[in-house]
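Colleague: I am new to this structure. Please take one part and go through it closely, then connect that part to the rest.

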Amino acid sequence: MSGENEEHEARVRALVGQGKQDQAIALLMKSHGAHLHRFAVRMLRDPEAAKEVCQRVFFEAFQGLPEFRGEGSLLSWLFGIAKHRCIDEIRRRKRAVDTDDLTNAEHRPELAVSASEPDFALEHNLRHCLDELPPEIRSAVLLRYLGGLTHVEIGEATQVAAGTIQVQISRALIKLRKCLRHRGISER
């Protein structure tokens with residue numbers, strides 16, 4: 001963990017120790033809210049649902065912060081909560097909506113990206129290929145490449161060994177490359 005992160009976590013823990021959980025959560029929301037929201041949007045493909053998930057994450061964090069044992073970083077703890085809430089939402093949707101609707105881009109306005117953007121095809125196809133990964137694996141890939149977490153931090157967030165995370169991500173990247181090639185997108 002970098003020195004800046006250590007200072008940040010120390011400030012948050014000090015606020016919690018002083019009984020100032022509101023201020024501690026406000027600090028966490030300010031520093032990590034945007035990262036968590038981007039992660040949730042990528043997982044759910046729905047900005048409104050992502051916003052609701054982030055609210056749940058910070059509510060759970062507010063409740064659990066006094067008991068946070070510090071076995072991992074606060075960031076990996078928050079991403080772990082976010083991952084679980086996103087997977088819960090995906091499962092809830094699968095029960096409520098036919099899965100064909102979830103993968104059909106024509107019915108998903110959040111995928112509407114200007115066709116003039118040079119990487120439209122890559123982004124569109126990458127989203128499709130990510131959607132084909134199981135939610136737990138997709139979240140590990142997104143935590144690594146969108147969240148910037150290390151394999152160890154992802155392991156802390158998901159209670160999975162770092163080596164297992166590394167293997168899962170490596171295998172997922174192979175699947176993503178194959179899926180992109182199958183969809184006519186070559187490596188650059």
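Modeller: Start with Phe39. This is a predicted model, and in it Phe39 has 0% relative accessibility. That is under the 20% cut-off, so Phe39 counts as buried.

What does Phe39 pair with? Its partner is Phe79, and the two rings form an aromatic pair. The geometry is edge-to-face. The ring centres are 5.5 Å apart, and the planes stand at 90° to each other. This pair links distant parts of the chain. Phe39 sits in helix H2, while Phe79 belongs to helix H4, residues 74-96. Is Phe79 buried or exposed? Phe79 is buried, because its relative accessibility is also 0%.

How many aromatic pairs are there by this rule? The count comes to two. The other pair is made by Phe68 and Trp77. Here the arrangement is tilted, with 45° between the planes. Centre to centre, the distance is 4.9 Å. Phe68 has a relative accessible area of 16%, so Phe68 is buried. Trp77 has 22%, so Trp77 is partly exposed. The 20% cut-off falls between those two values.

Helix H2 covers residues 21-44 and packs with helix H3, residues 47-64. Two packed helices are described by the angle between their axes and the distance between the axes. For H2 and H3 the angle is about 145°, and the axes lie 8 Å apart. Their crossing is right-handed. On the H2 side, the contact residues include Ile25, Leu28, Met29, Leu36, Ala40 and Leu44. On the H3 side, they include Val53, Cys54, Val57, Phe58, Ala61 and Phe62. What classes of residue make this contact? There are 16 nonpolar, three polar and two charged residues. Asp22 of H2 and Lys51 of H3 are among the contact residues.

One further ring is worth a look. Arg144 lies over the face of Tyr145, at 5.7 Å from the ring centre.

Finally, the wider setting. The protein has nine helices and zero strands. Read along the sequence, the pattern is α-α-α-α-α-α-α-α-α. Of its 188 residues, 39% count as buried, and Phe39 counts as buried too. Take the contacts between residues at least 6 apart in sequence: 65% of them join residues at least 24 apart.

Terms used:
Residues are numbered from 1 along each chain as its sequence is written. This is a predicted model: local features need pLDDT of at least 70, side-chain atom pairs count only at pLDDT 80 or more; totals for chains, interfaces and linings use all residues. Side-chain values use heavy atoms; hydrogens and water are left out. Axes are lines fitted to C-alpha atoms, for helices over the stretch in contact, and angles run from 0 to 180 degrees between N-to-C directions. Helices (H or I, at least four residues) and strands (E, at least two) are DSSP runs, numbered from the N terminus. A crossing is left-handed if the near helix is turned anticlockwise from the far one by less than a right angle, and right-handed if clockwise. Contact means heavy atoms within 4.5 Å. Ala, Val, Leu, Ile, Met, Phe, Trp, Tyr, Cys and Pro count as nonpolar, Asp, Glu, Lys and Arg as charged, and the others, Gly among them, as polar. Rings of Phe, Tyr and Trp (its six-membered ring) pair if their centres lie within 6.5 Å; planes under 30 degrees apart count as stacked, over 60 as edge-to-face and the rest as tilted. Buried means under 20% relative accessible area, exposed over 50%, partly exposed in between (1.4 Å probe, protein chains only). A charge sits over a ring if NZ of Lys or CZ of Arg is within 6 Å of the ring centre and within 35 degrees of the ring normal.
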